[in-house]
Each structure stands twice: as C-alpha cells, then as structure tokens.
Amino acid sequence: MMEYAGEIPGLLVALAVGLIIGFERGWQVQNVDGAGRTENTGRSDANDEMSATGIRTFALLGLLGGVAGKLASVTSVWILAAVLVGVAAMLVVAYLQTVRVTNDIGATTEVAALLTCALGAMAVLGMQLEAVMAAVGTAVLLGFKREIHGALQSLSRHELTASLQLLVIMLVVLPLLPNEAMGPWDSLNPRVIGWLVLLVAGIGFVGYFAVRILGDKVGLTLTAFLGGLTSSTALTLSFSRMSATNTRRQALLGAGIALACGTMAPRVLAEVAVVNRDLLMPLLPGMVLLGIIPLAAMGVVLWRFKGGEVEHKPAMSNPLEIKSALLITGALALVFVLSNAAQSWFGDKGIYALAVLSGIADVDAITVALANQAKDGLSDTVAARGILLAAVTNTLVKAAIVLFVGGWSLARWASSILVLAVVAGATGWIWI
C-alpha cells in the first residue's frame with residue numbers, strides 16, 4: 001500500500017482542479033436572472049442539464065483525467081489520449097444537442113470541461129502547481145466574462161492596437177533580437193535596447209490606461225500624478241493653458257504641474273531599479289528630494305484650497321504607436337552611441353554635457369542608457385550624476401515652459417516649487 005500512497009496527493013489535486021473550475025461553472029448555472037437565463041452563459045434554465053456545467057461533473061472530469069494520467073504513466077500514453085478523445089466526443093454530442101434546442105453556439109463550458117480533464121492528468125504527472133495555477137486562471141477568466149467583455153467594448157481602436165503592439169514587442173520582436181554588442185565602440189546591443197524600449201513604453205502604457213479607466217473628471221492630485229506617469233510635459237502645457245481661463249485655480253494648477261514633474265523622480269528610480277540596481281542608493285537622496293518637495297507643496301495647496309477639482313482630460317497620446325516606438329528606439333540607440341563617444345573623447349565631462357542636452361527634451365532615454373552603460377565599464381558615480389543632472393535640467397525646462405506659456409501669475413506657484421525642488425535635488429550630487 002505504501003507504493004500507492006504517494007499517488008493520493010496527485011489524485012486529490014486532480015479532484016481539486018475539477019472543483020475549482022466546477023465551482024464557478026456551477027454558480028453560473030444556479031444564478032439565473034429574471035428571464036430564466038444564466039447570468040453569463042446565456043443558456044436557458046430548462047436546458048442546463050444538456051451541458052456539462054455542474055460542479056460534480058467538473059470534479060469527476062478532473063478526477064477522470066487524474067486516473068487516466070496515472071494509468072498512462074504505468075502502461076501506455078494512448079490510454080490518456082483515448083480518454084481525452086472520449087471526453088471530447090461526449091462534449092461534442094452535448095454541445096450539438098444544446099445548439100439544436102437553444103441556438104446558443106457558445107462552447108466555453110465544453111472547452112473548460114475538456115481542459116479540466118487535461119489538467120487532472122497534469123496533476124498526477126508531476127505538474128501539480130501548474131495544474132492548480134491553470135485551474136485558478138481558468139476560473140477567473142470564466143468568472144469575469146462580463147467585466148472582460150465590457151472592457152473590450154470600451155476600448156477604442158488605437159487602444160486595442162497599442163495593446164497588440166505591446167504583445168508583439170514583448171513576445172515576438174524581443175526574443176528575436178540578437179544579444180551581442182555591435183556598432184561604434186560596441187555600444188549597441190539590440191536585445192538590451194529592446195528591453196529598454198519595452199520598459200519606457202510600458203510605464204507610459206500603464207499610466208495611460210490608469211487615467212483611461214479612472215475617467216476624465218478626477219481630482220487634481222490624481223490627474224497630475226497619473227498624467228506625470230505618461231507625459232509631464234503634455235500635462236504642464238495643458239495646465240498652463242488652462243490657467244488663462246481659470247485664474248481662480250492657478251494655485252491648484254501650479255501645484256498640479258509641480259506634482260506631475262515630481263512624478264518623474266519615482267519613474268526614473270523605477271527604470272534604474274530594472275536596468276541597474278547598483279545605482280539606486282547613490283541616486284536615492286537627490287531623486288527623493290526632487291520628488292518629495294512638489295508632493296509636500298501639493299499637500300499644502302490642497303489643504304488651503306479644499307475641494308478644488310479641475311475637469312481635465314490629460315493630453316496623452318498612445319504610447320505604443322509604431323512611430324513612437326521607432327522614435328524611442330532611435331533616441332536610445334543615438335544616446336548609447338553618443339554616451340560612449342563622449343566618454344571616449346572627453347571623459348566624464350562629455351557625459352555630463354550629454355546629460356544636460358538630453359535632459360532638455362527627455363529624461364528616460366539618457367537614464368536607461370547611462371544605467372546600462374554603468375554595467376559595461378562606466379563609473380557608477382559618473383552614471384548617477386549624469387542621470388541626476390538630466391532630471392534637474394528637465395525640471396528647469398518645465399519651469400521655463402510654465403513661465404512662458406502660463407505667465408508670471410502661474411509661475412509664481414509652479415515655477416517657484418520646481419526651482420526649490422531643483423535646488424534640493426541638486427544637493428544629491430554631493431551624496432553621489
């Protein structure tokens with residue numbers, strides 16, 4: 001008996017797999033709306049017996065898969081194949097009968113039943129964790145049908161395209177890129193550039209959909225924070241223009257601009273953490289000061305001007321359009337080459353000059369470039385100072401935008417906060 005005792009957990013897991021999926025399917029059958037139709041499957045209550053939807057049926061299918069898997073492991077794999085074919089045939093018959101009576105062509109439950117049997121076999125063939133994870137994932141996917149369909153229906157075409165492009169970059173393009181140094185000064189590694197493009201674009205992608213899901217009319221704090229995750233420059237321009245027609249809210253708009261710019265600090269730290277963790281501690285004091293002062297200023301302003309919400313739809317573009325992805329790739333490749341060239345020709349001063357020039361337009365490209373270069377010979381001190389210098393320069397550029405677009409009245413709030421943050425953040429140079 002001890003010989004078979006080790007197989008009991010596997011069969012129990014196979015049974016549990018069936019119960020997990022069957023619990024969700026059984027709940028759908030039992031919970032019908034006033035029209036006598038299941039909440040998500042759309043099948044009539046009178047015909048539920050024609051489909052394998054009960055929790056007991058799924059539990060037995062999981063256990064059947066487990067028994068078939070055990071028999072296949074000690075005799076022939078064809079036993080498992082025969083069981084799966086037999087279950088598939090049974091489900092096809094049930095499906096055709098259901099379609100004939102109800103005209104419902106959905107086959108979700110039948111596919112889930114066949115998957116349950118296969119997962120039961122996995123559970124006794126040494127893949128218990130994978131089987132349980134797949135069962136939980138299946139139950140979640142089935143249970144959130146209404147929410148998933150609602151989310152898909154709310155997507156615009158360019159948002160759907162962006163999501164597909166992200167998947168293509170992540171699962172198709174990235175694995176095909178060569179992982180070797182090439183180009184001038186061996187400064188270009190296609191695989192590394194691909195990962196960095198995915199990182200920068202992914203942060204913007206998450207921020208875009210955070211604003212998209214939460215809606216357009218949100219509190220100023222949340223709008224500024226999430227807008228800063230996607231494009232603090234776009235939000236700065238938008239809020240600066242709004243101040244011309246909303247003079248009573250200039251304090252709130254100015255603090256919102258400062259907060260959006262301060263959001264750059266955690267974004268830069270997140271990029272550094274992914275690319276080169278060794279730079280985190282040297283950068284931490286300066287970047288924290290650069291980000292925390294706008295946050296504190298925002299809190300003070302909100303406390304003084306309670307209840308102030310601004311109706312605003314951040315001017316955000318799709319972060320994963322092909323054109324944007326190509327521009328990011330080109331910028332990263334150029335910064336990689338220029339940073340290596342500057343280091344080779346001018347030493348550390350060349351890196352700092354490049355950081356200032358890059359920071360005028362963008363912080364992300366120079367951040368990921370220097371963080372990656374620090375792993376290939378560039379001094380950690382030089383890389384960290386270059387990143388901080390780019391962040392400080394970019395913040396000063398935002399302060400100038402507020403002054404010239406929003407005017408002195410808005411700059412009195414926003415630019416003063418940003419300049420104070422720059423002064424505090426620049427002290428991080430000493431720490432580095």
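**Close-up views of a predicted model**

**View 1. A265 in helix 12.** A265 lies in helix 12, where helices (H or I, at least four residues) are DSSP runs numbered from the N terminus. The model is a predicted one, in which local features need pLDDT of at least 70 and side-chain atom pairs count only at pLDDT 80 or more, while totals for chains, interfaces and linings use all residues. Residues are numbered from 1 along each chain as its sequence is written, and side-chain values use heavy atoms, with hydrogens and water left out. With a relative accessible area of 2%, A265 is buried (buried means under 20% relative accessible area, exposed over 50% and partly exposed in between, with a 1.4 Å probe and protein chains only). The C-alpha atoms of A265 and M287 are separated by 5.4 Å, although these residues stand 22 residues apart along the chain.

View 2. A cavity is a set of points, on a 1 Å grid over the protein atoms alone, where a 1.4 Å probe fits but cannot get out, and lining residues have an atom within 4 Å of a point. By this rule there is one cavity of 30 Å³ or more, and the largest cavity holds about 30 Å³ of space. Its lining is made up of C261, G262, M264, A265, L290, P294, T395 and L418. Two or more residues of this lining come from each of helix 11 (250–262), helix 12 (264–275) and helix 13 (280–304).

**View 3. S232 in helix 10.** S232 is found in helix 10 (residues 220–242) and is buried, with a relative accessible area of 5%.

**View 4. Helix 19.** The 13 residues of helix 19 (residues 414–426) should span 18 Å at 1.5 Å a residue, and the end C-alpha atoms are 18 Å apart, which agrees; the expected span is 1.5 Å times one less than the number of residues. Within helix 19, A414, S415, I417, L418, A421, V422, A424 and G425 are buried, and L418 also belongs to the lining of the largest cavity.

**View 5. A88 in helix 4.** A88, in helix 4 (residues 77–102), counts as partly exposed at 25% relative accessibility. A88 and L114 are 26 residues apart in sequence and, C-alpha to C-alpha, 6.4 Å apart in space.

**View 6. L164 in helix 8.** L164 belongs to helix 8 (residues 157–176) and is partly exposed, its relative accessible area being 46%.

Methods
On a 1 Å grid over the protein atoms alone, a cavity is a set of points where a 1.4 Å probe fits but cannot get out, and a pocket is an open set with protein on both sides within 12 Å along at least five of seven lines; lining residues have an atom within 4 Å of a point. Grid points are joined across faces, edges and corners, and a volume is the space filled by probe spheres set on the points.
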